[in-house]
Amino acid sequence: MIQLQTMITDDETYMSEALAMAEAGRFSTHPNPRVGAVVVQGGQIVGRGAHLYAGEPHAEIFALSEAGMAATEATLYVTLEPCCHHGRTSPCTDAIIASGVKRVVIGMEDPNPLVSGKGISALRAAGVAVDGPCLPGVAAALNPGFISRMARGRPWVRLKQAVSLDGKLALASGESHWLTGKIAREDVQKERAQASAILVGVGTVLADNPRLAPRTNPAPGRFPVKIVLDPQLRTPPDAALLQTPGEVWILHVASAPGGAEKEALLRAGAHLVGLEEDGRGRGIDLHHLMAVLAGREINEILVEGGRQIATSLVEGGFVDEWLIYLAPLVLGKDALSLVGMGPYDSLSAVPRWRVEEVLRLGDDVKLRLSPGRDG
């Protein structure tokens, strides 16, 4: 029997190198996308670069600088279409054209309306050949939040929950520390560190007094924004999250108490953001929430709230990834369940989720799920 093998092209090989370079910015580039680039001359990589921090040079600039004169007549591989507008930095297309590069291969087109297709057109107009997309699925996976913000006008939402084998979040008393073991908790710190923001409800703040800042910081100087959904401004001004590095945004409704409550939180360093009510007396309108966060350049949100906020987000269709850390425990019938959806009349009406990743972390298991419609 003849087995067919997938041929890997040189373009894919070099784009894979550029994609690996982009990983260097996983924890630091917010609100910019993670981008990597390599310059290839005569079958050899002569320049590498990654975008690391907003306001600093883009990946193409680093790669071209390392290549120097070897960039002349070379091929540049870059995971995202080069920018062609003045933002925090000058247009990369100008630097590419000036370098003498003869060909550019892109991983994917930039979803930013300021760039989309325009960077490619600028290069071609200057006589630079442009090919791609090359490995677009992998390129897109680097930047789900940036793509979501540009294409959908809202951040990418990851819901994180630690649960028992019987789908419970905590004992009836509310006790939940610690369901999972040390290795799983260390993995959560990585999820926190790569997020643009960590979001909880005020109920979690009052019950657990979380710090929310990652305990490990792979990107010195950058901390995720800490967001509290607190319609009536009940967050204590001495809450632990106000004592740890990173901005704190407390999101409330217009009818929230004023005066002393607001002044105390402002003195504690919180930024107060007023949002629309949901019209059902249940608090903040989630559609308005997502639009406001996108407007503030939040790409990826890690939600660590409890059952109520998880239910609202799942029911509203806002959850793009569901991270479930499954602990080998049974908490029993009176324990607090994962979400409060339903009841359903038939299995066909029950929302289904697709398993994207299963990872063993010590005695625990991490499930990464995405919304699915298979049945």
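A residue is called buried when its relative accessible area is under 20%, exposed when it is over 50%, and partly exposed in between, using a 1.4 Å probe and protein chains only. Because Gln 189 has 9% relative accessibility, it counts as buried.

The model is predicted, and local features need pLDDT of at least 70, side-chain atom pairs count only at pLDDT 80 or more, while totals for chains, interfaces and linings use all residues. Residues are numbered from 1 along each chain as its sequence is written, and side-chain values use heavy atoms, with hydrogens and water left out.

Gln 189 lies in helix 7, which covers residues 182–194. Helices (H or I, at least four residues) and strands (E, at least two) are DSSP runs, numbered from the N terminus. With neighbours within four places in sequence set aside, Gln 189 is in contact (heavy atoms within 4.5 Å) with Ala 213, Pro 214, Arg 215 and Thr 216.

Asp 363 belongs to the loop between strand 15 (352–361) and strand 16 (364–372). It counts as exposed because its relative accessibility is 62%.

Strand 3 (residues 75–78) has Thr 75 and Tyr 77 pointing one way and Leu 76 and Val 78 the other, and all are buried. Two strands pair if DSSP finds at least two bridges between them. Strand 1 (residues 36–41) runs antiparallel to strand 3 and is joined to it by four bridges; Tyr 77 is the bridge partner of Val 38. Strand 4 (residues 103–106) runs parallel to strand 3, again with four bridges, and its Arg 103 stands opposite Thr 75.
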